[in-house]
Amino acid sequence: MLGQLPKFALVTPSFRFRALAAAAGRAALGGDRETLLATLQLGRLCGGMLPPFELTREQTVERTENTKQWLSSLAVPSGIRSTAFGVIGAITGHDRARLAVAFEDLVKAAPAHLDEAARMELTHLIQELTGTTATAPHARPSAPPGSTLPPS
């Protein structure tokens, strides 16, 4: 049919942190770029705890250990480094609510490094971790206070 993909067509992959990756690519070599790369890697680890991936605790711990070693070699400011290691501790605990708070602290610690589009991507990730995403494609909208939604 017209307008439909053929049966053999592949779905176009999507990358959730395009703006953050672009910001890292534009950043000057050194601390700015390494801060953005650390934020990107930690964001990807956090995203692994969400659907459709939902990594197991063992997978998360293994990836976190590798990231911890890598992060230790980066030239990031000490305040951001300590906040990033707080995110790693929260990932290891496998607690999404704690992870959302730790990741939000990282976003607040690096405001000079993040542009608006990257900040929006990270804010969306934090909302998903806390379960407060406004509208997911498969979710029903919430009712305004004092009203009711008809049953679906």
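His-94 is partly exposed, with 26% of relative accessible area. In this report, a residue is called buried under 20% relative accessible area, exposed over 50% and partly exposed in between, with a 1.4 Å probe and protein chains only. The structure is a predicted model, in which local features need pLDDT of at least 70 and side-chain atom pairs count only at pLDDT 80 or more, while totals for chains, interfaces and linings use all residues. Residues are numbered from 1 along each chain as its sequence is written, and side-chain values use heavy atoms, with hydrogens and water left out.

The protein has six helices and zero strands. Read from the N terminus, the order of its elements is α-α-α-α-α-α. Helices (H or I, at least four residues) and strands (E, at least two) are DSSP runs, numbered from the N terminus.

Of the 152 residues in the protein, 32% are buried. The accessible surface amounts to about 9600 Å², and carbon and sulfur atoms account for 59% of it. Such areas come from the Shrake-Rupley method with a 1.4 Å probe; for residues, only the protein chains shown count as cover. Among contacts (heavy atoms within 4.5 Å) between residues at least 6 apart in sequence, 59% join residues at least 24 apart.

Two loops hold the backbone features described here. Between α4 (78-93) and α5 (96-109) sits His-94. The phi of His-94 is near 60°, which is a positive value in a residue other than glycine.

The other loop joins α2 (31-47) and α3 (57-72), and Pro-52 is part of it. The peptide bond between Pro-51 and Pro-52 is cis, with omega about 10°. Glu-54 also has its place in the loop between α2 and α3. Its phi is positive, near 40°, although Glu-54 is not a glycine.

The side chains supply one aromatic pair. Phe-15 and Phe-17 form this pair, which is edge-to-face, with 6.4 Å centre to centre and 80° between the planes. Rings of Phe, Tyr and Trp (its six-membered ring) pair if their centres lie within 6.5 Å; planes under 30 degrees apart count as stacked, over 60 as edge-to-face and the rest as tilted. Phe-15 is partly exposed, whereas Phe-17 is buried.

The table lists relative accessible areas for residues named above.

| Residue | Relative accessible area | Class |
|---|---|---|
| Phe-15 | 36% | partly exposed |
| Phe-17 | 2% | buried |
| Glu-54 | 46% | partly exposed |
| His-94 | 26% | partly exposed |
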